[in-house]
Amino acid sequence: MAMAMTMKKALLRTGVASAVTAVVGSIGTNPRTRWYRRLRKPGWQPPAQAFPLVWTPLYALIAFGGARALSQGDGQQQKAVERALAGNLALNATWSAIFFRARSPRWALAEIAALNVSNVVLVRQAMKVDRVAGIVLLPYAVWTLFATALNASIVRRNR
């Protein structure tokens, strides 16, 4: 019973943190601006409506994988996961503001590169305490790599 309570508490914390990250990211995102519409983008870029359809389940996976990892292991491992997750979500939330609000695809590319490093750290920390938690976080890491390629393509096309 204690494990279920720990998981419930962890899921509440990671769910709230993921939801806040999603809200901050969506506030920072505006693909309808004239500036964004004028950017040259690759033909393989998904339509704007695809992004919330992808990100919604990814944030759920982040919350669930993070909660599983936080509810396992010893106190030191939990702290490592907590730090990795907090830093990761901060980087995640920041990208949209840099790209869309600051109108800086180049700086956003540097930021998302840091997010990719953070993803590796987060997945590794999660895997150390719970293999399933690490696996659950992999789709997020893969999607972020795709987003990095998209960001890099936009930078290359709009020098």
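## The Arg13–Glu82 salt bridge

In this predicted model, Arg13 and Glu82 form a salt bridge (a side-chain nitrogen of Lys or Arg within 4 Å of a carboxyl oxygen of Asp or Glu), and their closest N and O atoms are 2.3 Å apart. Arg13 belongs to helix 1 (residues 2–28) and Glu82 to helix 4 (residues 75–101), so the contact ties together parts that are 69 residues apart in sequence. Helices are DSSP runs of H or I with at least four residues, numbered from the N terminus.

Both partners are partly exposed: Arg13 has a relative accessibility of 44%, and Glu82 has a relative accessible area of 24%. Here, buried means under 20% relative accessible area, exposed means over 50%, and partly exposed lies in between, with a 1.4 Å probe and protein chains only. The areas come from the Shrake-Rupley method.

Lys79 and Glu82 are three residues apart in helix 4, so about one helical turn separates them. Lys79 is partly exposed, at 47% relative accessible area.

## The Arg68–Asp130 salt bridge

The count of salt bridges comes to three. One of them joins Arg68 to Asp130, whose closest N and O atoms are 2.6 Å apart. Arg68 lies in helix 3 (residues 50–70), whereas Asp130 lies in the loop between helix 5 (105–129) and helix 6, so this pair ties together parts that are 62 residues apart in sequence.

The two residues fall into separate accessibility classes: Arg68 is partly exposed at 24%, while Asp130 is buried at 10%.

## A positive surface patch

Arg40, Arg106, Arg156, Arg157 and Arg159 form a positive surface patch. Such a patch consists of residues with over 30% relative accessible area and no salt bridge, like charges being joined within 9 Å. Lys and Arg count as positive, and the place of an Arg charge is taken as CZ.

Arg156 is exposed, with a relative accessible area of 51%.

## Basis of the values

Residues are numbered from 1 along each chain as its sequence is written, and side-chain values use heavy atoms, with hydrogens and water left out. Local features need pLDDT of at least 70 and side-chain atom pairs count only at pLDDT 80 or more, whereas totals for chains, interfaces and linings use all residues.

Technical notes. Patch = residues over 30% accessible without salt bridge, like charges linked within 9 Å, V, L, I, M, F, W, Y side chains within 5 Å. Areas by Shrake-Rupley, 256 points an atom, 1.4 Å probe, with all protein chains shown as cover. Helix = DSSP H or I, 4+ residues; strand = E, 2+ residues; numbered from the N terminus.
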